[in-house]
Amino acid sequence: MYINTHSHIYDEAFDGDRESVFRRAYESGVEMILLPNTDENTIKPMMEFYENHPDNCRVMMGLHPEGVKEDYKRHLSVIEKEMEKKCWVAIGEIGLDLYWDKTFEKQQVEVLTEQLRWARQLHLPVSLHTREAFDLMFKILEKEQDGTLNGVFHCFNGTKEQADIAMSLGFYLGLGGVITYKNCDVKNFLCEIPLDKIVLETDDPYLPPVPYRGKRNEPSYMVEVAKKIAETKNIDIKEVATATTNNAKLLFNL
(Lines give C-alpha, C1' and ligand atoms only; values in the text may rest on other atoms or scores of the structure.)
Protein backbone atom coordinates (compact mmCIF):
# COMPACT_ATOMS: atom_id res chain seq x y z
CA MET A 1 0.00 0.00 0.00
CA TYR A 2 1.15 3.51 -0.85
CA ILE A 3 -0.13 6.95 0.09
CA ASN A 4 0.41 9.69 -2.49
CA THR A 5 0.67 12.82 -0.36
CA HIS A 6 0.42 15.38 -3.18
CA SER A 7 -1.61 14.97 -6.36
CA HIS A 8 -3.62 17.39 -8.49
CA ILE A 9 -5.70 14.65 -10.12
CA TYR A 10 -8.60 17.12 -10.15
CA ASP A 11 -6.64 19.32 -12.60
CA GLU A 12 -8.09 19.94 -16.07
CA ALA A 13 -5.18 17.93 -17.52
CA PHE A 14 -7.14 14.84 -16.45
CA ASP A 15 -10.57 15.92 -17.68
CA GLY A 16 -10.56 13.33 -20.45
CA ASP A 17 -9.60 10.26 -18.45
CA ARG A 18 -9.63 11.08 -14.73
CA GLU A 19 -11.38 7.89 -13.62
CA SER A 20 -9.00 5.72 -15.66
CA VAL A 21 -6.07 7.53 -14.06
CA PHE A 22 -7.54 6.90 -10.63
CA ARG A 23 -8.03 3.19 -11.37
CA ARG A 24 -4.43 2.86 -12.55
CA ALA A 25 -3.23 4.43 -9.34
CA TYR A 26 -5.28 2.06 -7.21
CA GLU A 27 -4.17 -0.97 -9.22
CA SER A 28 -0.53 0.07 -8.79
CA GLY A 29 -0.91 0.07 -5.01
CA VAL A 30 -1.69 3.74 -4.40
CA GLU A 31 -4.68 3.31 -2.10
CA MET A 32 -4.87 6.86 -0.78
CA ILE A 33 -4.37 10.17 -2.59
CA LEU A 34 -4.08 13.53 -0.83
CA LEU A 35 -5.31 16.54 -2.79
CA PRO A 36 -3.85 20.01 -2.08
CA ASN A 37 -5.81 23.11 -3.00
CA THR A 38 -4.14 25.99 -4.85
CA ASP A 39 -6.62 28.89 -5.01
CA GLU A 40 -10.35 29.63 -4.93
CA ASN A 41 -10.81 28.29 -8.47
CA THR A 42 -9.59 24.78 -7.60
CA ILE A 43 -11.88 24.24 -4.61
CA LYS A 44 -14.87 23.05 -6.65
CA PRO A 45 -13.11 20.47 -8.87
CA MET A 46 -11.04 19.22 -5.95
CA MET A 47 -14.09 18.71 -3.74
CA GLU A 48 -16.05 17.03 -6.53
CA PHE A 49 -13.32 14.41 -6.96
CA TYR A 50 -13.02 13.94 -3.21
CA GLU A 51 -16.78 13.46 -2.81
CA ASN A 52 -16.72 10.83 -5.57
CA HIS A 53 -13.88 8.94 -3.86
CA PRO A 54 -14.22 9.58 -0.12
CA ASP A 55 -12.61 6.27 0.87
CA ASN A 56 -9.46 6.83 -1.17
CA CYS A 57 -8.91 10.59 -1.03
CA ARG A 58 -8.30 13.29 1.53
CA VAL A 59 -8.21 17.05 0.98
CA MET A 60 -6.18 20.06 2.07
CA MET A 61 -7.08 23.73 1.98
CA GLY A 62 -4.72 26.62 1.35
CA LEU A 63 -3.66 29.44 -0.96
CA HIS A 64 -0.68 28.65 -3.19
CA PRO A 65 1.99 31.39 -3.35
CA GLU A 66 1.47 31.82 -7.10
CA GLY A 67 -2.11 32.78 -6.27
CA VAL A 68 -0.91 35.77 -4.25
CA LYS A 69 -1.49 38.79 -6.51
CA GLU A 70 -3.10 42.23 -6.14
CA ASP A 71 -6.36 40.73 -4.88
CA TYR A 72 -4.71 38.30 -2.47
CA LYS A 73 -6.79 39.41 0.50
CA ARG A 74 -10.01 38.40 -1.23
CA HIS A 75 -8.57 35.01 -2.16
CA LEU A 76 -7.31 34.50 1.37
CA SER A 77 -10.71 35.36 2.84
CA VAL A 78 -12.32 32.69 0.62
CA ILE A 79 -9.76 30.14 1.85
CA GLU A 80 -10.30 31.17 5.47
CA LYS A 81 -14.06 30.64 5.10
CA GLU A 82 -13.42 27.15 3.71
CA MET A 83 -11.32 26.35 6.79
CA GLU A 84 -14.55 26.23 8.81
CA LYS A 85 -15.24 22.82 7.27
CA LYS A 86 -13.97 19.78 9.17
CA CYS A 87 -12.75 17.67 6.26
CA TRP A 88 -9.20 18.99 5.89
CA VAL A 89 -6.16 16.86 6.77
CA ALA A 90 -3.70 19.73 6.21
CA ILE A 91 -3.29 23.34 5.19
CA GLY A 92 -1.79 23.36 1.74
CA GLU A 93 -0.50 23.95 -0.69
CA ILE A 94 1.06 27.05 0.85
CA GLY A 95 4.51 28.58 0.77
CA LEU A 96 6.88 30.85 -1.13
CA ASP A 97 7.72 30.94 -4.83
CA LEU A 98 10.27 33.53 -5.93
CA TYR A 99 11.40 31.72 -9.08
CA TRP A 100 9.59 33.76 -11.72
CA ASP A 101 8.64 36.97 -9.96
CA LYS A 102 9.43 38.66 -6.64
CA THR A 103 6.84 41.42 -7.08
CA PHE A 104 4.58 40.02 -4.35
CA GLU A 105 7.28 38.66 -2.03
CA LYS A 106 6.05 40.72 0.93
CA GLN A 107 2.47 39.58 0.35
CA GLN A 108 3.54 35.95 -0.02
CA VAL A 109 5.24 36.17 3.37
CA GLU A 110 2.10 37.70 4.89
CA VAL A 111 -0.16 35.00 3.43
CA LEU A 112 2.17 32.16 4.42
CA THR A 113 2.50 33.47 7.97
CA GLU A 114 -1.27 33.77 8.35
CA GLN A 115 -1.82 30.22 7.13
CA LEU A 116 0.90 28.85 9.41
CA ARG A 117 -0.96 30.43 12.31
CA TRP A 118 -4.19 28.76 11.18
CA ALA A 119 -2.32 25.46 11.19
CA ARG A 120 -1.26 25.96 14.79
CA GLN A 121 -4.74 26.99 15.87
CA LEU A 122 -6.40 24.03 14.12
CA HIS A 123 -3.65 21.51 14.95
CA LEU A 124 -3.14 20.68 11.27
CA PRO A 125 0.09 19.98 9.38
CA VAL A 126 1.11 22.10 6.40
CA SER A 127 2.19 21.21 2.87
CA LEU A 128 4.91 23.69 1.92
CA HIS A 129 5.77 24.81 -1.60
CA THR A 130 9.28 26.31 -1.55
CA ARG A 131 10.96 27.51 -4.74
CA GLU A 132 14.04 29.74 -4.72
CA ALA A 133 13.11 30.68 -1.15
CA PHE A 134 14.57 28.19 1.34
CA ASP A 135 16.44 30.75 3.45
CA LEU A 136 13.37 32.97 3.79
CA MET A 137 11.16 29.95 4.48
CA PHE A 138 13.45 28.75 7.27
CA LYS A 139 13.50 32.22 8.80
CA ILE A 140 9.70 32.32 8.89
CA LEU A 141 9.36 28.78 10.25
CA GLU A 142 11.92 29.41 12.99
CA LYS A 143 9.88 32.41 14.08
CA GLU A 144 6.51 30.63 13.93
CA GLN A 145 7.60 27.26 15.32
CA ASP A 146 6.23 26.81 18.83
CA GLY A 147 6.80 23.08 19.04
CA THR A 148 3.44 22.17 17.49
CA LEU A 149 3.95 23.21 13.86
CA ASN A 150 4.73 20.34 11.49
CA GLY A 151 4.24 19.30 7.90
CA VAL A 152 6.10 18.43 4.72
CA PHE A 153 8.41 20.24 2.35
CA HIS A 154 6.48 19.22 -0.74
CA CYS A 155 8.55 18.30 -3.80
CA PHE A 156 11.79 18.82 -1.90
CA ASN A 157 14.69 19.64 -4.19
CA GLY A 158 17.15 21.41 -1.94
CA THR A 159 20.65 20.77 -0.65
CA LYS A 160 21.78 18.38 2.09
CA GLU A 161 22.10 21.35 4.46
CA GLN A 162 18.58 22.51 3.63
CA ALA A 163 17.22 18.99 4.14
CA ASP A 164 18.85 18.86 7.56
CA ILE A 165 17.37 22.22 8.56
CA ALA A 166 13.90 21.22 7.34
CA MET A 167 14.00 17.98 9.33
CA SER A 168 15.37 19.74 12.42
CA LEU A 169 12.36 22.05 12.30
CA GLY A 170 10.07 19.01 12.56
CA PHE A 171 9.21 18.58 8.89
CA TYR A 172 9.14 15.62 6.53
CA LEU A 173 10.57 15.70 3.02
CA GLY A 174 8.12 15.01 0.18
CA LEU A 175 9.97 13.16 -2.59
CA GLY A 176 8.63 12.83 -6.10
CA GLY A 177 9.72 12.32 -9.68
CA VAL A 178 12.52 14.89 -9.45
CA ILE A 179 14.74 12.42 -7.57
CA THR A 180 14.88 10.26 -10.70
CA TYR A 181 16.40 13.09 -12.77
CA LYS A 182 20.12 13.15 -13.59
CA ASN A 183 20.55 16.77 -12.46
CA CYS A 184 18.80 16.32 -9.09
CA ASP A 185 21.15 16.81 -6.14
CA VAL A 186 18.85 15.08 -3.67
CA LYS A 187 19.66 11.61 -5.01
CA ASN A 188 23.31 12.27 -4.11
CA PHE A 189 22.47 12.36 -0.39
CA LEU A 190 19.30 10.28 -0.44
CA CYS A 191 21.04 7.55 1.57
CA GLU A 192 21.54 10.06 4.38
CA ILE A 193 17.85 10.99 4.63
CA PRO A 194 16.22 8.76 7.27
CA LEU A 195 13.38 6.69 5.86
CA ASP A 196 11.19 7.84 8.74
CA LYS A 197 11.40 11.43 7.44
CA ILE A 198 10.20 10.70 3.88
CA VAL A 199 6.73 10.78 2.35
CA LEU A 200 6.00 10.05 -1.31
CA GLU A 201 4.18 12.18 -3.86
CA THR A 202 3.83 12.91 -7.58
CA ASP A 203 2.65 16.54 -7.86
CA ASP A 204 0.89 15.38 -11.01
CA PRO A 205 0.29 16.44 -13.69
CA TYR A 206 3.77 17.96 -13.28
CA LEU A 207 7.29 16.51 -12.85
CA PRO A 208 6.85 12.92 -14.08
CA PRO A 209 9.58 10.49 -13.03
CA VAL A 210 11.89 8.63 -15.37
CA PRO A 211 10.90 6.71 -17.55
CA TYR A 212 7.84 8.94 -18.09
CA ARG A 213 9.64 12.27 -18.32
CA GLY A 214 8.12 14.44 -21.03
CA LYS A 215 4.68 12.95 -20.50
CA ARG A 216 1.83 13.96 -18.23
CA ASN A 217 2.54 12.78 -14.70
CA GLU A 218 -0.11 10.75 -12.84
CA PRO A 219 -0.52 9.24 -9.35
CA SER A 220 0.42 5.67 -10.32
CA TYR A 221 3.88 6.83 -11.41
CA MET A 222 4.74 7.35 -7.75
CA VAL A 223 5.83 3.71 -7.64
CA GLU A 224 8.86 4.74 -9.73
CA VAL A 225 9.83 7.12 -6.93
CA ALA A 226 9.60 4.29 -4.40
CA LYS A 227 11.76 2.12 -6.68
CA LYS A 228 14.42 4.82 -6.87
CA ILE A 229 14.52 5.19 -3.09
CA ALA A 230 14.75 1.41 -2.61
CA GLU A 231 17.50 1.12 -5.21
CA THR A 232 19.53 3.99 -3.76
CA LYS A 233 19.20 2.82 -0.17
CA ASN A 234 19.66 -0.84 -1.19
CA ILE A 235 16.52 -1.97 0.60
CA ASP A 236 13.37 -3.83 -0.41
CA ILE A 237 10.69 -1.65 -2.00
CA LYS A 238 8.20 -3.09 0.50
CA GLU A 239 10.21 -1.41 3.26
CA VAL A 240 9.86 1.91 1.45
CA ALA A 241 6.12 1.38 1.02
CA THR A 242 5.59 0.46 4.66
CA ALA A 243 7.69 3.27 6.11
CA THR A 244 6.38 6.07 3.90
CA THR A 245 2.78 4.95 4.38
CA ASN A 246 3.23 4.95 8.14
CA ASN A 247 4.86 8.38 7.95
CA ALA A 248 1.94 9.78 5.95
CA LYS A 249 -0.59 8.29 8.34
CA LEU A 250 1.21 9.81 11.30
CA LEU A 251 1.71 13.25 9.75
CA PHE A 252 -1.79 13.67 8.32
CA ASN A 253 -3.60 11.76 11.08
CA LEU A 254 -5.10 9.30 8.59
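## A walk through a predicted fold

Let's start at one residue: Leu128 lies in strand E5. Keep in mind as you read that this is a predicted model. Is Leu128 buried or exposed? Leu128 has a relative accessibility of 0%, so it counts as buried.

Which residues surround it? Setting aside the neighbours within four places in sequence, Leu128 is in contact with Ile94, Leu112, Leu116, Met137, Leu141, Val152, Phe153, His154 and Phe171.

### The strands

Strand E5 has a partner in E4, and the two pair in the parallel sense over five bridges. One place to look for this pairing is Asp97, whose bridge partner in E5 is Arg131. E4 is also joined to strand E3 (residues 57-60), with two bridges between these parallel strands. Here you can look for Met60, which has Ala90 as its bridge partner in E4.

How many of the residues of E4 are buried? The count is 10 of its 10 residues, and the strand is mostly covered.

Now move to strand E7, which spans residues 171-175. This strand is mostly covered too, with five of its five residues buried. In a regular strand, side chains alternate between the two faces of the sheet. In E7, Phe171, Leu173 and Leu175 point one way, while Tyr172 and Gly174 point the other way, and all are buried. E7 pairs with strand E6 (residues 151-153) in the parallel sense, over three bridges. Among these, Gly151 has Phe171 as its bridge partner in E7. You have met Phe171 already, as one of the residues in contact with Leu128.

### The largest pocket

The largest pocket holds about 1000 Å³ of space. Its lining is made of 36 residues, and Asp97, His129, Arg131, Asp203 and Leu207 are the ones nearest its centre. Two elements give two or more residues to this lining: strand E4 (88-97) and strand E5 (126-131). Which element gives the most? That is E5, with three residues. Asp97 and Arg131, the bridge partners from the strand pairing, are both among the residues nearest the pocket centre.

What kinds of residues form the lining? They divide into 11 nonpolar, 14 polar and 11 charged.

### Salt bridges

Side chains of opposite charge can pair when their charged atoms come close. Across the whole structure there are 17 salt bridges. Three of them are set out here.

| Salt bridge | Closest N to O distance |
|---|---|
| Arg216 and Asp17 | 2.9 Å |
| Arg74 and Asp71 | 3.1 Å |

Arg216 is partly exposed at 26% relative accessible area, and Asp17 is partly exposed at 25%. Glu218, in contrast, has a relative accessibility of 3%, so it counts as buried. Through shared partners, salt bridges join Asp17, Arg24, Arg216 and Glu218 into one network.

The other pair in the table is partly exposed on both sides: Arg74 has a relative accessible area of 42%, and Asp71 has 32%.

Most residues other than glycine have a negative phi, and most peptide bonds are trans. Some places in this model depart from that pattern.

Where are the cis bonds? One joins Gly92 and Glu93, with omega about 10°, and Glu93 has its place in strand E4. Another runs from Asp204 to Pro205, with omega near 15°. Pro205 is found in the loop between E8 and H7.

Positive phi values turn up as well. Cys155, which is not a glycine, has a phi of about 50° and lies in the loop between E6 and helix H6 (160-168). Asn234 has a positive phi near 55° and lies in the loop between H7 and helix H8 (237-252). With a relative accessible area of 71%, Asn234 is exposed, whereas Leu128, where this walk began, is buried at 0%.

Notes
Residues numbered from 1 in each chain as written. Predicted model: local features only at pLDDT ≥ 70, side-chain atom pairs only at ≥ 80, totals over all residues. Heavy atoms only, no water. 1 Å grid on protein atoms, 1.4 Å probe; cavity = no way out; pocket = protein on both sides within 12 Å on 5 of 7 lines; lining within 4 Å. Points joined across faces, edges and corners; volume = space filled by probe spheres on them. Helix = DSSP H or I, 4+ residues; strand = E, 2+ residues; numbered from the N terminus. Nonpolar A, V, L, I, M, F, W, Y, C, P; charged D, E, K, R; others polar. Salt bridge = Lys/Arg side-chain N within 4 Å of Asp/Glu carboxyl O. Buried < 20%, exposed > 50% of the residue type's maximum accessible area, 1.4 Å probe, protein only. Contact = heavy atoms within 4.5 Å. Pairing = 2+ DSSP bridges.
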